[in-house]
Amino acid sequence: MEERINELIESYREDMIRSLEDLVKIPSVIDPDSAGEGKPFGAEVRKALDAVLKLSEELGFDTKDYDGYAGTAGFGTEGKEVGILSHIDVVPPGNGWTKEPFAPEICSGKMYGRGTIDDKGPMVAALYAMKAVRESGLPLKHHVRHIIGCDEETGHRCIKYYLTKEKGPDLGFSPDGMFSVIHAEKGILRFKIEKEWEKPENKDGLHIIKVKGGTVVNAVPNLAEVWLGGAEGVLADARKQFLTACPQGESQWKEDALCLCFPGLSAHAMQPWLGKNAILPMIRFLKELPFADPREQEYFRSLDALFGDGWEGRNLGIACEDQLSGKLSMNLGILTIEEGKSEAKIDIRCPVHVDLQMVWKTICLTCEKYGFKPEYWQMRDPLYVPKDAELVQILLDVYEDVTGKREEPITIGGGTYCRDVENFVSFGPVFPGEPELAHEADEFIDLEQMMECARLYAQALYRLMTC
């Protein structure tokens with residue numbers, strides 16, 4: 001371990017904190033409505049990319065903008081290209097925050113804000129790690145390029161576009177997972193089912209006006225709401241049933257409608273067992289209501305039959321597991337109904353050694369029994385790098401040198417850029433035993449752990465650039 005590199009990292013502490021604050025203030029959520037030439041993912045993502053490229057130039061790196069899809073920062077041209085893959089886009093804040101998601105606040109050594117841990121904090125740590133390696137003056141055989149994507153959260157269109165313009169790095173890591181080293185990632189399947197029916201003619205009978213559950217498919221929804229219409233007495237009966245079935249919920253009258261709110265607990269879709277899906281109790285409640293149009297009740301009964309059993313996918317017929325990566329997981333992340341049109345979006349994380357195509361065929365057959373024709377918009381094969389691969393072993397050695405702990409490589413249900421580029425694995429930023437706060441309310445990064453990440457990334461870069 002090179003102590004000179006560690007000394008330089010420590011000298012950057014205040015600059016790193018300020019840099020992260022500046023980036024977290026930008027609400028870089030993908031926004032198709034403000035997309036355009038040079039900003040394919042919206043104005044705020046463009047603003048965030050400009051900010052990180054400006055920071056990179058101030059740190060002394062060569063930068064390049066790839067039409068707003070991605071940007072790069074690097075130095076050197078010799079030897080192999082060592083890569084770092086991070087991203088500037090973030091998921092929407094969602095509900096349940098006690099802090100302002102885009103007004104970073106430091107409290108008890110932690111910085112709160114959307115993107116602090118996923119992925120702006122680790123990205124800043126990696127940029128300053130690059131600076132430390134370069135300023136150390138130590139001899140290097142290879143060069144480094146940090147690729148900063150703008151669409152990691154919704155489809156990886158950014159890295160795919162970049163790879164049409166440039167050859168991928170020879171090897172490297174992504175600071176967008178967990179320590180020690182993630183050598184395998186589950187396959188990912190995202191699909192939707194839709195239904196339509198006419199508006200009710202009988203306005204006095206109980207009917208659905210609107211349903212809204214969840215904000216993004218890759219997070220367990222912590223809130224689901226339904227607006228019911230009908231005569232006053234009909235709505236009063238529904239409210240009475242709700243108060244009995246869901247004592248922790250809230251109800252309120254909004255003009256001529258009754259709004260019922262079902263609470264849940266947010267979690268990342270790769271670990272849905274850590275959350276409580278607010279949509280599921282809403283479905284169970286609605287399927288028992290005496291709707292004037294029987295098709296509405298039948299719709300909720302069908303949803304419950306398909307997804308109501310939880311996160312393992314047993315009702316869908318896809319429950320499975322393997323020794324390497326564990327059980328398949330499922331998350332009904334979004335449910336919306338309005339103007340007689342419904343849409344449910346589901347996220348599946350499939351074990352590494354299970355055939356993803358067979359899982360999809362099973363889903364189609366099961367859904368069709370209930371009158372649904374599912375459509376997928378994303379199917380991503382799993383990642384697997386053997387534990388004894390040289391890249392994995394180098395990073396494990398670095399982790400042990402810096403932390404004093406020897407850990408085994410791990411597998412996750414999450415999906416990173418590493419599956420888009422050969423010879424890449426994820427390396428941090430979440431340490432063993434620490435909570436996974438990506439996509440959750442009150443997301444934060446522990447600032448001392450961010451410094452530890454920077455030390456790890458700097459030592460890893462130096463090792464990879466000299467091997």
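Does H156 count as buried or exposed, and at what relative accessibility? H156 counts as buried, at 1% relative accessibility; buried means under 20% relative accessible area, exposed over 50%, and partly exposed in between, with a 1.4 Å probe and protein chains only. The legends describe a predicted model, in which local features need pLDDT of at least 70, side-chain atom pairs count only at pLDDT 80 or more, and totals for chains, interfaces and linings use all residues. Residues are numbered from 1 along each chain as its sequence is written, and side-chain values use heavy atoms, with hydrogens and water left out.

View 1. Helices (H or I, at least four residues) and strands (E, at least two) are DSSP runs, numbered from the N terminus. Apart from residues up to four places away in sequence, H156 touches D151, R380, G415, T416, Y417 and D420, where contact means heavy atoms within 4.5 Å.

**View 2. Buried and exposed residues of helix 6 (residues 232-245).** The 14 residues of helix 6 reach 20 Å from the first C-alpha to the last, close to the 20 Å expected at 1.5 Å a residue; the expected span is 1.5 Å times one less than the number of residues. L235, A238 and F242 are the buried residues of helix 6. Seen down the helix axis, these buried residues fall within an arc of 60°, so they line one face of helix 6; the arc is that of the directions from the axis to the C-beta atoms. K240 and T244, on the other side of helix 6, are exposed. The cover over the buried residues includes strand 13 (223-229), strand 14 (250-254), strand 15 (257-263) and helix 7 (279-286).

**View 3. Crossing of helix 2 (residues 13-24) and helix 11 (residues 447-464).** The two axes come within 11 Å and cross at roughly 110°. Axes are lines fitted to C-alpha atoms, for helices over the stretch in contact, and angles run from 0 to 180 degrees between N-to-C directions. Helix 2 is therefore roughly perpendicular to helix 11, a term for angles of 65 to 115 degrees. R13, M16, I17 and L20 in helix 2 meet L447, E448, M450, M451 and A454 in helix 11.

**View 4. Positive phi at N423.** N423 has a phi of about 65° although it is not a glycine. This residue lies in the loop between strand 23 (410-412) and strand 24 (424-426) and is partly exposed, with a relative accessible area of 38%.

Technical notes. Parallel < 35°, antiparallel > 145°, perpendicular 65-115°, else oblique.
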